Amino acid sequence: MQKENDILNSLSKKFPEIDISEAAVSVRKIYLSVPEEAFMNALKFLSAEFGFKNLCTVTGLDAGDGYEFIYHISDDEGVLMNLKFKTAGGDGVTIKSVLPIYQGATFYERELEGLLGVKVEGLPEGRQYPLPDNWPEGQYPMRKN
Amino acid sequence: MSKMIVPLGPQHPALEEPESFTLMLEGERVAAATVALGYNHRGMEKAAESRTYVQNIYLLERICGICSHSHSTCYVQTVEALAGAEVPKRAQYIRALIGELERIHSHLLWLGIAGHEIGFMTLFMYAWKDREIVMDILEMLTGNRINYGMNMLGGVRRDITPEQGQKVLEALDALEERTEYYKNVILQEQTVAIRTLGVGRLSREDGLRLGATGPVLRAAGVVKDIRKDDPTEVYNELDFKVATDEHADVYGRTVVRVTELMESYHMIRQILRQIPDGPLSVKVPNRIPAGEAAARYEAPRGEDFHYTRSNGTDKPERVKVRAPTLANLAAITHMIDGGFLADVPIVIAAIDPCFSCTDRMVRVKDASSGRDDVWNWDKLRQYSIEWHKKRGQDLGYRI
């Protein structure tokens, strides 16, 4: 698991605010939480320096004390990085779109808006996904409340 | 020239997830295309949160009728990783066997559909007749033609006998001979080449940029296959090549799928030769320790992705699924843009979305005069075949 550990060490060197001691590492899989402020730069760094050019999907979940967003990105050698950050919960949460880095992210981010009720800044206008047009406003199925 | 707007869908049973395309036409060319999705959202991820880990195998297996084993395998792999369960080798081989048989039936199904969309009905009937060989084998091994129910947490539910293995080998001989024939048809039949070469182009760069996956990406020369890149279970014990092609169009996608069929036959022979004796499963507790795990699986249509978060109870905190078709949809509007309306059916079909038998509606609207006309998919397909026939590309289809 040399490569997996190298990636973590480089991240920690470049971004001192990222704590890699909590990261879970198994063969070709890394699970790492980062502070929200460091997230976008860490993602850019992983894409540019380590070839994580593919976004598998984005998982949004209601962790009870806030929302958690997990960006599953992969490289050409089969390593899957699961990069997470947490925000506050409830209404009015805004996160930034990763479209400038991953152009295939539109549907994954629209899903966060539709199911979890967060605003993704930088998404182009478009029909909501995946809920129907007549879905009642303010109802977000993936919230736990 | 008047511009026409053609909404295609949303009820669009050709597709795994029904979707709606809006095509802006300039003459016969598509000037812009947009896609809207979600019409078949069944809330499975939410439903998974209120079911036990075992119940979820059967729920998630039903995400897709064609690649049901891909979904259930991907899901059980996440739960087994969370529970720290080591699946016995024999079970791993049986999972791979069903996985490859599933790929064969899926690709043969697709070959038939591709033939149907371009008016090559002989190919459609041949391919679907031959697909019955592998469907019979799947039924013999699992009891079902689809939704096999083979996976359980920690292993598989059924063993295979040497007699069954022998029957699989006999079926492979027949399928291999037929697939050789299809390969020759595709490589030598001029009309197939004319209908598919240069149609629905997606370059290597665009494919990677838009996050395309599976045969769509491999047809653009990208060597990417989860079975090779992130091999789970026995895939690193099998000798196989990743099928690629450089055409980057519908023709290339056809070549890749037919080559993959040959590779799958080769892999199944190895599986049956190498499969060891031993137990079929290990015990996995009902309550899964808190944690998270992601898994990827090369489904017939591309990378299938599952993520499971556990909380120490017998039900998951969160299950996330990303089927390959969703990954390919960002690329499809790019493939349709600039092409002929007559090529839209085969371009959409070439990403291999799932197919069911209901009719679909296409509303053709003249944007300048407001003239409204309703087409169903058959009419669009008919238009496509006639349009190409007028240009001398006749595959023998008669109304």
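Trainee: In this predicted model, which residue of β8(B) stands opposite F305(B)?
Mentor: Strand β7 (residues 302–310) of chain B pairs with β8(B) in the antiparallel sense over six bridges. F305(B) belongs to that pairing, and the residue opposite F305(B) in β8(B) is R322(B).

Trainee: Which strands stand at the edges of the sheet in chain B?
Mentor: The sheet is open and antiparallel, with three strands in the order β6-β7-β8 (chain B). On average, its neighbouring strands are turned by 10 degrees against each other, direction ignored. Two strands have a single partner strand each, so one side of each is left without a neighbour in the sheet; these are β6 (291–299) and β8 (316–322) of chain B.

Trainee: Chain A also holds an open sheet. What is its strand order?
Mentor: Its edges are taken by β1 (24–26) and β3 (54–62) of chain A, because each has a single partner strand. Neighbouring strands are turned by 15 degrees against each other on average, direction ignored. The pairing is mixed, and the five strands run in the order β1-β2-β5-β4-β3 (chain A).

Trainee: Which residue of β5(A) is the bridge partner of H72(A)?
Mentor: Strands β4 (residues 67–74) and β5 (residues 80–87) of chain A pair in the antiparallel sense over eight bridges. For H72(A), the bridge partner in β5(A) is N82(A).

Trainee: Are α4(B) and α5(B) roughly parallel or roughly antiparallel to each other?
Mentor: Helix α4 (residues 89–117) and helix α5 (residues 121–142) of chain B pack with axes 8 Å apart, at an angle of about 160 degrees. α4(B) passes α5(B) in a left-handed crossing, and their contact has 18 nonpolar, five polar and two charged residues. Angles over 145 degrees count as roughly antiparallel. The two helices, α4(B) and α5(B), are therefore roughly antiparallel.

How values were computed: Residues are numbered from 1 along each chain as its sequence is written. Chains are lettered from A and ligands numbered from 1 in the order in which they are written. This is a predicted model: local features need pLDDT of at least 70, side-chain atom pairs count only at pLDDT 80 or more; totals for chains, interfaces and linings use all residues. Side-chain values use heavy atoms; hydrogens and water are left out. Axes are lines fitted to C-alpha atoms, for helices over the stretch in contact, and angles run from 0 to 180 degrees between N-to-C directions. Helices (H or I, at least four residues) and strands (E, at least two) are DSSP runs, numbered from the N terminus. Angles under 35 degrees count as roughly parallel, over 145 as roughly antiparallel, 65 to 115 as roughly perpendicular and the rest as oblique. A crossing is left-handed if the near helix is turned anticlockwise from the far one by less than a right angle, and right-handed if clockwise. Ala, Val, Leu, Ile, Met, Phe, Trp, Tyr, Cys and Pro count as nonpolar, Asp, Glu, Lys and Arg as charged, and the others, Gly among them, as polar. Two strands pair if DSSP finds at least two bridges between them.
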